[in-house]
Amino acid sequence: MSLLNRIRSIFPEPADIPPPFRPALPVHQTEYLVDGEIRHWSGPSQEVLSAVCAPGGAGPSPVVLGDYPLLGVAEAKAALEAACRAYDNGRGAWPTLSVAERIEHAASFARRMKERRDEVVRWLMWEIGKTLKDSEKEFDRTVDYITATLDALKEIDRVSSRFTIEGGIIGQIRRAPLGVVLCMGPYNYPLNETFTTLLPALLMGNTVVFKPAKLGVLLLRPLLDAFRESFPPGVVNTVYGDGQTVIGPLMESGKIDCLAFIGSSKVADLLKHQHPQPHRLRSVLGLGAKNAGIVLGDADLERTIPECVLGSLSYNGQRCTALKILFVHESRMEQFLERYVAEVEALPFGMPWEAHVRITPLPVPGKPQYLANCVQEAVAGGAQVLNEAGGTVWGTYFHPAVVCPVKPGMALYTREQFGPVVPVVPFKTLDEPAGWVRESHYGQQVSLFGEDPGELARLIDPLVNQVCRVNVNSQCQRGPDTFPFTGRKDSAEGTLSVSDALKVFSIRTLVAAKDHAANKRILTDIVRNRRSRFLSTDYLL
Ligand code: G3H
């Protein structure tokens, strides 16, 4: 079968989908979690379309997966009020609970979450088109992240269980919660990136309102019960619906103390400006990125090419960390392209549950056409699509396109395409890619491919001040999750990692007393008689 025909027969008839991967459709979600109750909504709903299409005489059309509640302002405010009550200006049961008890609640959530793995993984495939392997990885990585967070919190607790005496002052310094946190994750990691802010925020004693990403919503439904059973009423609350309707009023209320948002800088700016006292709002933001891969004249192509393919096309290039532009030294261009294009052409494409599949349909409505327009604009400007059928659109499927030479002025040169298009730029001198990184609005990561330690070092030193991670002969990525994940310029605010997340969702607070006998007596009495949870030398093992 020709490649074009293979693309046109990518979507399976329902009977051809293996039974374990066939969800019972459609799913009408009416449930949302507020104040420890699963409530039911009978108002308007949002239809959920799959990244996967059904083939049809008139062409492929996305499978209807079901719908979820389009809550109104009153429901969103009820969620916020529940979170505020549970926090109660820091006097609520949750923010004053011992660290050990909070850990027990979160561990019980992780246990319950694991029981729903298969359902969540299946929804990840159907809602956002992530491959089975990557969906499983997203789930398992999230559970591991929670476990690692519990350990990191124990460590923080151990370190802060001691008194410090400095300059005649006795002090005990601990991390205390910020208040009510609004968590909003992105559609490309709707489970992982939502939970890697949500769980640390909870563990530090904050209460949370969370809104699922625009896509990847139904996958959280199996976990609502786990939240309800694991946390006290009002500690975790959900809002579903149109962001402008349900989030605007929450921000405008001034009652959100911390915004944890992974998405576009445009939306982040909008949300921050809605807060009446922006100086009171802490923000933890993961925003856009356009990470460059720079292939130097002496790069070992044997190792470079697989990293560039992984970096640019894992999950169809829909990772904030993806390599979204490749600068290749002109002396290696021919060799590079020949092998890179061959590897891209060999990537198996198909349905998310198919064995070994690497390229899958896209979940964002209109995205294939948007990408096709970007490619078309580059071609009109003199670039070529180098791989067979690159850029072919079939329903929600966009066949990866390697586009070269991409030049200044083309959308692909500066815009974050967030999809399976690989812009390749030849360069003569390092000033060109270095200048591009300097001028970019983004500042997340960069990958350097080369063998000369001197040349790499000369690049590393200025680049570490332009971005927040320089990868050597390795693709850009967030992990391991213990490493700091952040960005400069329009790419991020705050740093996330297992331990950093606990820090960004808390503030150091201390109790201090002049060092004299009477104060020592008082402090000793409080500690010995366990009169305070804060002022305590108990620690967790
Ligand atoms: O979309 C951004 C993700 O945080 C990237 O994570 O590098 O592990 O795919 P990853």
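## An exposed histidine and the basis of the model

H356 is exposed, with a relative accessible area of 70% (exposed means over 50% relative accessible area, buried under 20% and partly exposed in between, with a 1.4 Å probe and protein chains only). The residue belongs to the loop between helix 13 (333–345) and helix 14 (367–380), where helices are DSSP runs of H or I with at least four residues and strands are runs of E with at least two, numbered from the N terminus. Although H356 and K133 are 223 residues apart along the chain, their C-alpha atoms are separated by 8.5 Å.

The model is predicted, so local features need pLDDT of at least 70 and side-chain atom pairs count only at pLDDT 80 or more, while totals for chains, interfaces and linings use all residues. Residues are numbered from 1 along each chain as its sequence is written, and side-chain values use heavy atoms, with hydrogens and water left out.

## Packing of helix 4 and helix 6

Two packed helices are described by the angle between their axes and the distance between the axes. Helix 4 (residues 99–115) packs with helix 6 (residues 132–159) at an angle of about 170 degrees, and their axes are 11 Å apart; axes here are lines fitted to C-alpha atoms, for helices over the stretch in contact, and angles run from 0 to 180 degrees between N-to-C directions. Helix 4 is therefore roughly antiparallel to helix 6 (angles over 145 degrees count as roughly antiparallel, under 35 as roughly parallel, 65 to 115 as roughly perpendicular and the rest as oblique).

On the side of helix 4, the contact is made by V99, I103, A106, A107, F109, A110, M113 and K114, and on the side of helix 6 by F139, T142, V143, I146, L150, L153, K154 and D157, where contact means heavy atoms within 4.5 Å. By class, this contact of helix 4 with helix 6 has twelve nonpolar, one polar and three charged residues; Ala, Val, Leu, Ile, Met, Phe, Trp, Tyr, Cys and Pro count as nonpolar, Asp, Glu, Lys and Arg as charged, and the others, Gly among them, as polar.

## Aromatic pairs and a cluster

The structure holds 15 aromatic pairs, a pair being rings of Phe, Tyr and Trp (its six-membered ring) whose centres lie within 6.5 Å, with planes under 30 degrees apart counted as stacked, over 60 as edge-to-face and the rest as tilted. One of these pairs is formed by W94 and F231, which are edge-to-face at 5.6 Å centre to centre, with 80 degrees between the planes. Because W94 lies in helix 3 (residues 93–96) and F231 in the loop between helix 8 (221–230) and strand 10 (236–238), the pair ties together parts that are 137 residues apart in sequence.

W94 is buried, with a relative accessible area of 2%, and F231 is likewise buried, with a value of 5%. W94 and F231 also belong to one aromatic cluster, which they form with F109, F195, F210 and F227; F109 is in turn among the residues through which helix 4 contacts helix 6.

The charged end of K130 sits over the ring of Y189, 3.8 Å from its centre (the criterion being NZ of Lys or CZ of Arg within 6 Å of the ring centre and within 35 degrees of the ring normal). The charged end of K130 also sits over the ring of Y315, at 4.8 Å from its centre.

N188, found in the loop between strand 8 (180–184) and helix 7 (192–203), counts as buried at 4% relative accessibility. Not counting residues up to four places away in sequence, N188 touches I128, K130, E138, Y315, Q318, R319, C320 and F418.

## Backbone features in loops

F418 is in the loop between helix 15 and strand 19 (421–427), and its phi is near 50 degrees, a positive value in a residue other than glycine; at 14% relative accessibility, F418 counts as buried. Phi of D88 is also near 50 degrees, but D88, in the loop between helix 2 (73–87) and helix 3, counts as partly exposed at 29% relative accessibility.

A cis peptide bond joins C404 and P405, with omega about -10 degrees, and P405 lies in the loop between strand 18 (401–404) and helix 15 (411–414). The peptide bond from G479 to P480 is also cis, with omega near -5 degrees, and P480 lies in the loop between strand 22 (469–472) and strand 23 (488–489).

## The surroundings of Y397

Y397 lies in strand 17 (residues 397–398) and counts as buried at 0% relative accessibility. Leaving aside neighbours within four places in sequence, Y397 is in contact with I7, I10, F11, F349, I359, T360, P361, P368 and T392.
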